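Open the model in your viewer and keep the selection panel at hand.

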Amino acid sequence: MYADLLFTGGPVLTPGGRTASAVAVTGGRITAVGREEVLELRGPRTEVVDLAGRLLLPGFQDAHVHPVPAGLELTQCDLTGTRTAAETVAAVRAYADAHPERAWITGGGWSMEAFEGGTPTKELLDAVVPDRPVYLPNRDHHGAWVNSRALELAGLTRDTPDPADGRIERDASGSGEPSGTLQEGAMQLVGRLAPAATPADRLAALLHAQRHLHALGITAWQDALVGDFLGMDDPAQAYLTAARDGSLTARVVGALWWDRERGAEQIPELVEKRAALSHGRFRAGTVKLMLDGVAETGTAALLDPYLDRCGCATANRGTSFIDPGQLSTYVTELDALGFQCHFHALGDRAVRDALDAIEAARAANGHSDTRPHLAHLQVVHPDDVPRFAPLGATANIQPLWAAHEPQMDELTIPFLGPERAAWQYPFGALLRSGARLAAGSDWPVSSPDPLEGIHVAVNRRTPDTVGAPVFLPAERIGLTEALTAYTAGSAYVNHLDDTGEVRAGALADLVVLDRDPFDVPPAEIAETRVALTYVGGARVYAAQEA
């Protein structure tokens, strides 16, 4: 039987290395992997792709991403490219001037390091948008910047108490007046008033994001938040619509949001959602549990207190959004029902709480195939590194964050201290312990480009800081290991066992790069681009057609 599609003339990354130079695809699956003998499958109607020395590898999979919010932000006030306070304010002004019809100015993506202390003030926004409310989440979506009009509409004053799961930043003068930055749960005090996107908006955002992700070689992903949280748009119906009408060309796992203000009574609802939302290429068999916040705002949950600017211990150990005393009960019940648990665990206390909960579930239910994974893993206590492998807990890494840059050097390291700062993003230690790595981006928090993430995982430097010090060099990993995290590792947590590898019988989810990154210096990995992307043997992106 002749092949539908034949790749030849270049290296092919298989589970054993670059051991092949030809791949045949028939009926959406890989039917042969090898060398000259595969060419015998060429028939009169076979489409032949000449790799011309370029690398063919499995399609990338993002194990933690938010495509619909990202797609929406791209069509609103997008601040992801700004780096200074002046640039950011100018971008807000330009957007507001260009859209006088918008009752609210929404969007986001600003960088905390652009503002002193990471907390911009309402006065900066008032100067450029005095008459309309402004609501702009920051890059990591754990804080929002608002103007006076938005605070007024929300009724926030000096007398408004902080919510249990958040913080209203206050004026530095000591007046108690809201200064214009809202952290964590406090975001919703204003965010709930902002106009919601329509179903058509959300579907358009999903399809826009999908095109962008395919252009980066991404063939599958896990959406890390399907549900209602802090005013973010629930992508569930967009996925279901796209899955039903065939416009969802990627393979997607939806992580159903665990409402941290409720308890086990929500589990029957999650069971119903799993059944109702799973269709075609979209499945919703995961539950997302956000255990803590982020280190830059002092909300990541730590075992020991944060430091102040003088290096002295404070009273703050961060925030546990889900009661650690109840977490094991919830996880054990979810695991027994066949749910995968996807933990947001950034601080070392959150990581330990997640591992303890998985351990409790294993003790109660035995080792099942639920494949729990912990995302972010910024600070991991060395005692917890060797626990991942025996528990079957996958380390879901966001490599782009593991480098020296202003947010790390100015807003994180000083408040962790030297010992804990050395425990950050321990990719190498996790691998050496036998842990499985998956990889993702958390887009729109950071770039969704896997090749940029791979570059940082290998170099522990961002692509634009070649001369910067290497961030914890012992935690660098090899190119093969980084590629595996973005392919087979993420395929594992996505339960997509017939993807993630170039082997006979696997689905033909494939990517062709514009070069072989094994043949370039490590410092040039990020210069690699995607030439072609295929899902099930169907081409979904071609660089020459973009």
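The lining of the second largest pocket has 16 nonpolar, nine polar and six charged residues. This is a predicted model. Select Gln76, Thr106, Pro195, Ala197 and Asp233: of the 31 lining residues, these lie nearest the pocket centre. The space here is about 730 Å³. Now colour by element. Helix 1, strand 8 (105–108), strand 9 (134–137) and helix 6 (199–215) each give at least two residues to this lining.

Next, the largest pocket. Its volume is about 970 Å³. Centre the view on Arg83, Arg139, Val445, Ser446 and Ser447, the closest to the pocket centre among 42 lining residues. Two elements contribute two or more residues each: helix 1 (67–74) and helix 12 (406–411). By class, the largest pocket's lining holds 15 nonpolar, 15 polar and 12 charged residues.

Move on to a helix pair. Select residues 324–336, helix 9, and residues 348–365, helix 10. How do their axes cross? They come within 8 Å, at roughly 45°. An angle between 35 and 65 degrees counts as oblique, so helix 9 and helix 10 are oblique to each other. Their crossing is right-handed.

Show side chains at the contact. From helix 9, pick Pro324, Leu327, Ser328, Val331, Thr332, Asp335 and Ala336. From helix 10, the contact residues include Asp353, Ala357, Ile358, Ala361 and Arg362. The contact has 10 nonpolar, three polar and four charged residues.

Stay here for a cavity. Which residues line the second largest cavity? Select Val331, Asp335, Phe339, Gln340, Cys341, Phe343, Ile358, Ala361, Arg362, Thr370 and Pro372. Val331 and Asp335 are also in the helix 9 side of the contact. Helix 9, strand 16 (340–345) and helix 10 each supply at least two of the lining residues. The volume is about 60 Å³. Seven residues of this lining are nonpolar, two are polar and two are charged.

How many cavities of 30 Å³ or more are there in the whole structure? The search finds four. For the last stop, go to the largest cavity, with about 130 Å³ of space. Select His66, Asp140, His142, Met290 and Asp442, the closest to its centre of the 14 lining residues. That lining divides into five nonpolar, six polar and three charged residues.

Notes:
Residues are numbered from 1 along each chain as its sequence is written. This is a predicted model: local features need pLDDT of at least 70, side-chain atom pairs count only at pLDDT 80 or more; totals for chains, interfaces and linings use all residues. Side-chain values use heavy atoms; hydrogens and water are left out. On a 1 Å grid over the protein atoms alone, a cavity is a set of points where a 1.4 Å probe fits but cannot get out, and a pocket is an open set with protein on both sides within 12 Å along at least five of seven lines; lining residues have an atom within 4 Å of a point. Grid points are joined across faces, edges and corners, and a volume is the space filled by probe spheres set on the points. Helices (H or I, at least four residues) and strands (E, at least two) are DSSP runs, numbered from the N terminus. Ala, Val, Leu, Ile, Met, Phe, Trp, Tyr, Cys and Pro count as nonpolar, Asp, Glu, Lys and Arg as charged, and the others, Gly among them, as polar. Axes are lines fitted to C-alpha atoms, for helices over the stretch in contact, and angles run from 0 to 180 degrees between N-to-C directions. Angles under 35 degrees count as roughly parallel, over 145 as roughly antiparallel, 65 to 115 as roughly perpendicular and the rest as oblique. A crossing is left-handed if the near helix is turned anticlockwise from the far one by less than a right angle, and right-handed if clockwise. Contact means heavy atoms within 4.5 Å.
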